[in-house]
Amino acid sequence: MTRPPMRNTARQTTLALLVVAALAALPLFLGTYEVDLVAKILVLAIFALSLELLVGQTGLVSFGHAAFFGLGAYTTALLLQDPDPRSFWLVLAAAMAMAGLYALPVAALSLRTRGVYFIMVTLAFAQLVYYVFHDTKVAKGSDGIYLTGIPQFSLAGWVPFDITKSLPFYYVALVLLCLVYAFLASLGASRFGRALAGIRANEQRMRAAGYATYPYKIAAFVIAAMLAGLAGFLKATRDGYVNPEMLAWHESGAVLLMIILGGLGRLRGAVIGAFAFVLLQEFFKNDAVFGDFAKRWQLLLGITVIACVLLLPHGLVGLSAQLRRRGNRDG
Amino acid sequence: MDATTFLVQCLNAVQYGLLLFLVASGLTLIFGAMNIINLAHGSFYMVGAYMAYALAPWVGQYLGGGFFTTLFVGLVLSIALGYVLEWGFFSLLYEREHLQQVLMTYGLILIFEEVRSILVGDDVHGVAAPDWLNGSIALGSLMTYPVYRLFISAVCLLVALGMYLVLARTRLGMAVRAGSVNREMAQSLGVNVNLLYRVVFAAGVALAVLAGMIAAPVSSVYPGMGGQVLIICFVVVVIGGIGSVRGAFVAALLVGFVDTFGKVFFQEAAGVLVYVMMAAILLWRPEGLFRQG
């Protein structure tokens, strides 16, 4: 999968700004339910972007990424057990730090294996956290735990809004998504990012060129985990509730699906994938469209996923290039 | 823990491990010989368990009933299912990347779950063991052990032995081993690889379905049972070394013992232990215990 030359940068930036503007204007036209739905997607998009850094940019397929998402969420929940509000920034930092702290040993150990074995070791470390929260009384076991306090969003003592409300949360999530996207984009263009791309393309050669690839991969893993922790923090804040299923392998699988569906190797693929996956689910669950068959939404989703892979080997972002090629052939 | 309790737990561990082996052996064969990551393998186990439940009345009406008749009908159906699936679906996967295989077989799980829900519903069901296997035998003066669990172990051992003989002693087994080492070379030496894959896949499905059918009376039948067994079977496959049936056998028993005794000694940490063991083994041997090739 080679990247096209950077000739379209200006056009892409304009397009990105237009998309952000459209997302910012969206709540003007939508009801509360739809706003909450899009907010949920924005959070998942951050989660998907964090995994994209690993899978798409570095070529490390992690099947345990939900562990860091869940750790961020559980840290948030455990810090908010008093009715007194705590600082948004403090809780956010703690959630990201916990995810990063756990990621460090996991990365150091699991990066000694590769390929399918790496996939399985990351899964093993995620299951470990899952069972800790599921089977022990650290956080009320399999029942899950409610947030009794709320994180208070403040800027230099000024409290502009209540973050747990629908609209403020939507905009905070949108801003954070933009920040994460911009951060990953600049990371990708940096020397560090180019090194990761080199590791994905040919690790042997990177080593021969004098790069110690192991610390690079550890750094990518920890950054990805911290960003997943950020997404987990947002999810817990919005839902007011956390349970062990957030850490389960289904969740790791679903986020992997999103980025593959969107198209690996491009950041926007992760965002598009998150939107496509959740909206498809919602669409197939809609009984106004499918009537009684809406109960069978999994069937349609399954068929769609299979069809997408068969017809779109490069994901949704590869669609336009695919169409262009077909157009050239026909014309 | 006195000697009798220890014996009972050992028997449980062996039975669980052997059952896992039945599912995992098919997974590792498909993985090793065909280079396909099949997330839907757990669904075949689920299909088997539901067959044990749903086929019994039908078999009772038309074929005079009986546990083994049901088992036989289920096996025939599963081989047909495997054959058709390989032909219509999995043959599309050979040229694809692993990640795409993951996606497509994930889609297949959703389809299987929904079709199961349409055909049989979402309720939890119990399945009766045949009468003559329903008793228990006395162990020591206080404990008893259900005969049916011993029967499961015996069936699994027989299947394992059969697999060993087929893989090690027959032309078919030789072709399977050759195909997993080097597909092109096997093909150019006259092995019909397409047919071979179809046979391997059908056998893998049949093994998982058999495991589901004989496990049904012990574990009962419930939605989502496929997902649970899938992950633990991947653990078995990876510990044993991908593609190695012998490795899957050893790993399955290891997992059986660690899980069973973990539940006895550390109730709260039991779920974690298997994964800790897997991480430890892979850090010691990054390609599993019995990596082929």
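Trainee: What radius of gyration would a compact globule with 331 residues have, and what does chain A have?

Mentor: Keep in mind that this is a predicted model. A compact globule of 331 residues would come out near 20 Å, and chain A has 20 Å, so the two agree. Along its principal axes, the C-alpha trace of chain A spans about 65 × 50 × 45 Å.

Trainee: And how many helices and strands are in chain A?

Mentor: Chain A has 14 helices and four strands. Buried residues account for 45% of its 331 residues. Take the contacts in chain A between residues at least 6 apart in sequence: 76% of those join residues at least 24 apart.

Trainee: Switching to the core. Which residues touch the most other members of the largest nonpolar core?

Mentor: Ile46(A) and Val236(B), in a core of 204 residues. Helix α8 (residues 193–219) of chain B brings the largest share of this core, 17 residues.

Trainee: What does Ile46(A) touch, leaving out residues up to four places away in sequence?

Mentor: Its partners are Leu176(A), Leu177(A), Val180(A), Leu227(A), Leu230(A), Ala231(A) and Leu234(A).

Trainee: Now α6 in chain B. Which of its residues are buried?

Mentor: In α6 (residues 171–181) of chain B, Ala175(B), Val176(B), Gly179(B) and Ser180(B) are buried. They sit on the same side of α6(B), because they cover an arc of only 130° around the axis.

Trainee: What covers the buried residues of α6(B)?

Mentor: The cover includes α1 (3–34), α5 (147–169), α7 (183–188) and α8 of chain B.

Trainee: Last one: Asp143(A). Is that residue buried or exposed?

Mentor: Exposed, because Asp143(A) has 10 C-beta neighbours inside 10 Å, and the cut-off for exposed is 12 or fewer.

Trainee: Where in chain A is Asp143(A)?

Mentor: Asp143(A) is in the loop between α5 and β2 (145–146) of chain A. From Asp143(A) to Phe133(A) is ten residues in sequence and 9.8 Å in space, C-alpha to C-alpha.

How values were computed:
Residues numbered from 1 in each chain as written. Chains lettered and ligands numbered in written order. Predicted model: local features only at pLDDT ≥ 70, side-chain atom pairs only at ≥ 80, totals over all residues. Helix = DSSP H or I, 4+ residues; strand = E, 2+ residues; numbered from the N terminus. Rg over C-alpha atoms; globule rule 2.2 N^0.38 Å. Buried ≥ 20, exposed ≤ 12 C-beta atoms within 10 Å, placed from the backbone. Contact = placed C-beta atoms within 7 Å. Core = buried A, V, L, I, M, F, W, Y, C linked by C-beta atoms within 7 Å. Arc of directions from axis to C-beta.
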